[in-house]
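Please open the model in your viewer and keep the sequence beside it.

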Amino acid sequence: MFARAETWWTIFKICVEERLVYRGDFALGTLMRFLPIVTQIFLWTAVFASAGTATIQGFTREDVVAYYLLTMLARAFSSMPGLASGLARQIREGEIKKFLIQPIDLISYLLLARTAHKVVYYLIATGPFALVFYLCRDYFHGWPPIEVFLAFVVSLLLSFLLGFYMEATMGMISFWFLEVSSLLFVHMLFIFFFSGHMFPLEFLPDFWKSVIDYTPFPYLAYFPSAVFLGKVQGAVLVKGLVIEAAWTVGFIVLCRFSMQAGYRRYSGYGG
Amino acid sequence: MNAIEIRQLEKSYRVYQKNEGLWASVQSLFHRDYREVAALKPLDLDVAQGEFVAFLGPNGAGKTTTLKLLSGVISPSGGEARVLGHTPWLRENEYRRRFALVMGQKNQLWWDLPAQESFLLHQKIYRIPPDQFARTRDELCDLLEMQHLLGRPVRELSLGERMKMELTAALLHSPEVLFLDEPTIGLDVIAQHNIQKFLKHYQQERKITVLLTSHYMKDVAALCRRVVIIARGQLVYDGSLEGIIDRFSGHKVLSLLFANGRMPGDLSRYGEVLEIVEPKARLRVARSEIARVLSAVLANHTLEDISVEDPPLEEVIAEMFSLSAKEEVVASG
C-alpha cells in the first residue's frame with residue numbers, strides 16, 4: 001500500500017514538472033480563460049435590455065453574470081481538454097503498449113496526471129480568479145450558508161471525477177473505432193449545451209430541463225453553480241448530489257469495463 | 001532450463017479488404033470484406049536461460065508479432081507460450097516486473113522531461129529499492145557514457161543518445177528476459193557499435209535471456225550465436241550464424257589476383273563474374289564446382305594470390321528472403 005502511494009506521489013510530481021515545462025503557453029492559456037467574461041457581461045446586458053424585463057425565469061442580469069462566473073469555476077474542475085483525444089492518439093499510434101507492458105494502471109495514471117495538471121492550473125489561476133470574483137462581487141448576494149457551501153465544494157469535486165471518467169470513457173471508444181474525432185465533437189457539443197455552460201438550464205422548457213437533470217451533463221457546470229446561488233435547495237439539492245454521485249460511479253465502472261474490454265480487443269486484433 | 005517455451009503459437013488478424021476506386025469506397029460504407037491473415041503460423045521454439053538469440057526475417061515475417069506475443073501486448077489465436085513460467089498475455093504484474101521490451105521506433109520516455117525523471121518513475125513503478133536503483137542507474141550510465149546527459153530533456157537528445165536512455169530505462173529493474181525490437185534502427189555506425197558493445201557486455205555479465213530482432217547483420221554477428229529465421233510466419237532456420245551460409249548458399253566467392261597484370265579475356269567460363277578491377281577479379285562459383293574450377297584456373301593462369309570465401313551473410317540472407325517471397329507469390333497465386 002505504501003509502495004503504491006509512493007508510486008502515485010512520484011507520478012504526480014513528474015506530471016507537475018511536465019506541466020511547468022511550457023511556461024509561456026500555460027500562462028497564456030490560463031489567462032485567456034478570463035477574457036470571455038467581459039463579452040458575457042455585455043451580451044447579457046444586451047439580452048436583458050432587449051427583453052425589457054428585470055428577470056428571465058427568475059434570473060436577474062446580475063444573477064446570470066454570477067451564474068456565468070460560477071460555471072466558469074465549475075468547468076475549471078470538470079473540463080478535461082485533450083484527455084479523450086490524447087487517449088485516442090495513444091491507442092492509434094500504439095503508445096498504449098506501455099501500459100500493457102509495464103506494471104501500471106492506465107486509468108489511475110491518467111487520473112493522477114490530470115489531477116496534477118489541475119492542481120498546477122488552480123495554483124496559477126487562483127490569483128486571477130480571486131481578482132475577477134472580487135471585481136464582480138456586486139453580482140453576488142454574499143456567501144451562501146456553510147452547509148450550502150460544503151454541498152457546492154462536494155459537487156465541484158464530484159464534477160471533476162465525473163468529467164474525468166466521462167471523457168476517459170469517450171477516449172476508450174478508440175479501441176473499437178480508430179477515428180473518433182467526430183464523436184468527440186458531438187460529445188463536446190452536448191456538454192456545451194446541456195451542461196448549462198451557455199445559459200442557465202432554467203431557460204429551457206420545464207419538460208426538457210427535467211429530462212436533462214437526469215443526464216450527467218448538468219453536473220459538469222450548471223449544478224454546482226445553481227447550488228452556490230441557492231437555486232437548488234433542500235431535497236432537490238440532495239437529489240442532485242445523489243444523481244451526480246451515481247453518474248460518477250456509473251462512469252467509473254464503465255470506464256474500467258471499457259478499458260478491460262478494449263485491452264482484450266487490442267490484444268486480439270491489433271497492437 | 002528454458003526461459004522461453006513456445007508451442008504451436010500462432011496469430012492471425014482479420015484485415016479489411018478494400019477494392020480500388022470511388023465506387024468500391026461507396027460500397028464499403030455498406031459492406032466490407034475481411035480476410036484472415038496469418039501473421040504467425042504455428043511456431044515451436046525454446047530459448048534457454050542466458051541465451052542471446054537473433055530473430056531474423058524479412059518485413060512482415062512475424063518477428064515483431066512474436067515479440068508482442070511474448071511481452072503480452074497481444075494474445076495469440078492459438079498455441080501456448082511460457083516466459084519464465086508465466087503466460088505473457090495474462091499480464092500478471094509479477095511477470096511484467098521480470099521482463100522488458102525495447103522498440104527502436106517507439107519512445108517510452110517522457111518527451112519534455114530529462115530522462116532522470118523517467119528513471120525515477122520506473123523506480124517506483126517497478127518498486128526498485130533506492131540503493132539498488134542508484135547502483136544500477138550509475139552502472140548503466142557509466143557503461144553507456146551518458147552521465148552528463150541525464151539532466152537534458154529527452155526531446156533534445158540525438159537518436160543514439162535517446163536509445164541509450166531507452167535501454168537504461170528498460171534495464172533499471174534488472175529484467176531476466178529482454179526483448180529488443182530493432183534497437184539500432186536509424187543509428188549511425190558509431191552509435192550502433194556502442195549499443196552492440198554495451199548489449200554484449202551487459203548480457204555476458206548478467207546472463208540474461210535476450211531475443212533480438214534486427215535488420216543489421218552486424219548486430220547479429222556481434223551479439224548472437226544462435227539465429228532463428230522466420231519467413232511468412234514460419235520458422236525456416238534455427239542454428240548458428242555460420243550454419244546459415246552452409247545451409248542456404250550454394251556458392252562460394254573466388255578472388256583472383258593475376259600475376260604481371262595479365263588478365264585473361266574470358267573468365268565467365270569459370271563462373272559468374274562479380275567484379276573485375278584489373279588485375280583482380282571476383283567470381284561466383286557453385287560449391288560443387290569449386291575444386292574443378294580451382295584446378296582449372298591454376299592450370300591455365302599465373303596467379304599472385306587466390307582465395308575462396310563464403311559470400312557475405314547479408315547476401316545469403318537477402319537471397320533467402322527473396323526466395324521465400326517468390327515462394328509466397330507462387331503459393332498464393
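Select helix α2 (residues 23-32) and helix α7 (residues 106-135) of chain A: their axes come within 10 Å and cross at roughly 50 degrees. Helices are DSSP runs of H or I with at least four residues, strands are runs of E with at least two, and both are numbered from the N terminus. Axes are lines fitted to C-alpha atoms, for helices over the stretch in contact, with angles from 0 to 180 degrees between N-to-C directions.

This is a predicted model, in which local features need pLDDT of at least 70, side-chain atom pairs count only at pLDDT 80 or more, and totals for chains, interfaces and linings use all residues. Residues are numbered from 1 along each chain as its sequence is written, while chains are lettered from A and ligands numbered from 1 in the order in which they are written.

Next, show Ala27(A), Thr30(A) and Leu31(A) in α2(A); they meet Tyr121(A), Ile124(A), Ala125(A) and Pro128(A) in α7(A). Contact requires C-beta atoms, placed from the backbone, within 7 Å.

Now go to chain B and select β11, β12, β10 and β13, which form an open antiparallel sheet in the order β11-β12-β10-β13. Strands pair if DSSP finds at least two bridges between them. β11 (272-277) and β13 (303-309) of chain B are at the edges with a single partner strand each, so one side of each has no neighbour in the sheet.

Zoom in on β11(B) and β12 (residues 280-286) of chain B, joined by five bridges. Here Val277(B) is opposite Lys280(B).

Last, select helix α10 (residues 290-300) of chain B, which lies across β10 (251-258), β12 and β13 of that chain.

Terms used: Contact = placed C-beta atoms within 7 Å.
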